[in-house]
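Hi there,

Here is the structure I promised to pass on. Please have a look at it before you read my notes.

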Amino acid sequence: MPDERLEQEEKITYDEEERRRREREKEKQEEKKKKAKPESKPIAKEETTVPEKVKIPIVELDKPAVELKEIEIDSEIPKITKEEAKITIPVVELEKPSIELKRIELDCTLPKIIPEERRLEVPLIRLEKPKKVICIITTFDERPPQVKVTKRMLKIPIYRPSKPVIREIISSFDSRLDAQILNLIIKRKEKKVIEEGQTAEVISPAGESSGGGKEEEMEYDILKHIFGISKNSLFSGNPKFVYVANEEFLGAVRYICWRIYREIKGGKAEPKIISNASKEIFKREIENWMKAENRVFSVEFKKDEKLDKDFWESVADRMEELFGQDIGFIVVNQKILFIPKHHIVDLLEIEIPNNLLAEKKLQAKLCSIMWGFINPDLLLEETKKNFLGQSKFDYIFEVARKNFERKIKSIGEPYVSITKRHRGLNESDDMHYPIKVFVVKYIADTLGLKGIRDVDKMRDIIHTEETFNRDKFGMDETTYPDIYVDSNAQHFADEVFEAETLFGEGEYSLKKIDETIEKYEKISNPPKRVNIVLENLTLLIHLKDIVEKKKIHEKLNRKFELEFWTLDIQNNKLLSLEEVVRKIKSWYMHASS
């Protein structure tokens, strides 16, 4: 059909052109005829005009070349055939579950419980015999001799048991007990501690002693007293598996592990927390990507989930992989039942003392010591306000931490303006510079310098990150005290302050303090005193070693004094090591009672 229509249109076009060509030829012939006729003479006016005949040419038109064709319309409806779609469904053959049935024989016999003999040790009180009154008459007197008889008051200990169970506690006796008996009981208790293999240190802040003249016992290793594990067991470059017996302390343990990683390795470990996990989810998913390296990986199993020995044996391979990983922590809330096949893994168990679990004020006081000695009552009040009346230890710990970070970074001008950053560059961590600003403000407040009006005096007296007065100190260009107080100041004259955070200093992080102290030994004319300022949690973790370092300093007879300080955020001041020990001792005695 389209080809016929095209041929028809071409034919019509051709006929039209042929017709026009013929018309043009006829017009040319007529013009020739007109030119061939003679010219007519002009007619006079008098003559009458004769009308001339008009010849009308007859134009023969070609017949229209229109071809009519009959078009037949196909009115039939095409038949649509349905195509059959074939769908192929893959057949998945499932493997038979590999279930191994084990026969376990239960020991239904009741263990024989042998009654324990408890011996009651009653101190023996030996009273001295009354002295005999001997009257020697040297001169004769008619009057009978008058002898003054003094009454001796016998001190009898009164035992007041707080519970039906008899406990050997010194505080259970009356405070009027003779000093000799008290010393005897203390010696027996020390002997018992030594026999049981426990370690206890003796601490005696200046100006404090027990009623009997003996120093009271206190563990310097506060982590051991709180969590039941020593600092050395946490402070190593190996990855560790940590079990937290009480979930109320789970968050605090995570953070302390995170801080230990930051101190040893530097940087910030990646936290990974998985809650409400079951055995099946752990073995199917979590086990495949569980690792400790550069992480604090925490898994909280469901409370009713019982992890037996078979479960721990099924994940033993993942646990033994820790031997080849860098420092990191895996924290779980279920007891670990693991016997290594080939590699030894550091397994730690955190156990909280019952009295610390029960008494919220004791928990708040501990968090206060950790985070700048913030008022414990305020901590409890704010915790209940933010956590809908709840006050578990993790909540108190977090509220104290946030308060500490907010307050130490809230110090503004003019103290920021006069405190230089480390050699003009960024500080090595996010806590070093705020501690320096805090110390600068404390020194200025002690000297009575307030606000912008005294900013010139502050700059003249308090120097930061400078190699100044070189003739006096004999410093080389590598000695930059964080803070130096001018020798003309009324307080802290001729003293330097060094802020230490110990982040990224390795397993022997406290060596950084030794290096700071030793650089002033090389100076020919050192400052009067070197003051080391440590953030509270750092001081608490390393308390035992720091006390030892101060004792070593006294033995070495250096030319300058040495003092350690930490921050009292509540009162905007520094606390010396002696004051901190006194506060920790007070908390320790309360926690041990």
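First, the ground rules. This is a predicted model, in which local features need pLDDT of at least 70 and side-chain atom pairs count only at pLDDT 80 or more, while totals for chains, interfaces and linings use all residues. Residues are numbered from 1 along each chain as its sequence is written, and side-chain values use heavy atoms, with hydrogens and water left out.

The protein has 20 helices and 11 strands; these are DSSP runs numbered from the N terminus, helices being H or I with at least four residues and strands E with at least two. Of its 593 residues, 37% are buried, meaning under 20% relative accessible area with a 1.4 Å probe and protein chains only. Taking contacts (heavy atoms within 4.5 Å) between residues at least 6 apart in sequence, 68% join residues at least 24 apart. The accessible surface, by the Shrake-Rupley method with a 1.4 Å probe, is about 41300 Å², and carbon and sulfur atoms account for 51% of that.

Five strands form an open sheet in the order 2-3-4-1-5, with parallel pairing; a pair needs at least two DSSP bridges. Strand 2 (270-277) and strand 5 (346-350) are the edges, each pairing on one side only. From one strand to the next, the twist averages 15°. Six bridges link strand 2 to strand 3 (residues 295-301) in the parallel sense, and Ile 274 has Val 299 of strand 3 as its bridge partner.

Two helices pack on this sheet. Helix 5 (residues 250-264) touches strand 1 (240-244), strand 2, strand 3, strand 4 (329-332) and strand 5, and its direction makes about 165° with that of strand 3. Helix 6 (residues 279-289) touches strand 2 and strand 3, at about 170° to the direction of strand 3. The angles run from 0 to 180 degrees between N-to-C directions, with axes fitted to C-alpha atoms, for helices over the stretch in contact.

Best wishes

Note on methods. Buried < 20%, exposed > 50% of the residue type's maximum accessible area, 1.4 Å probe, protein only.
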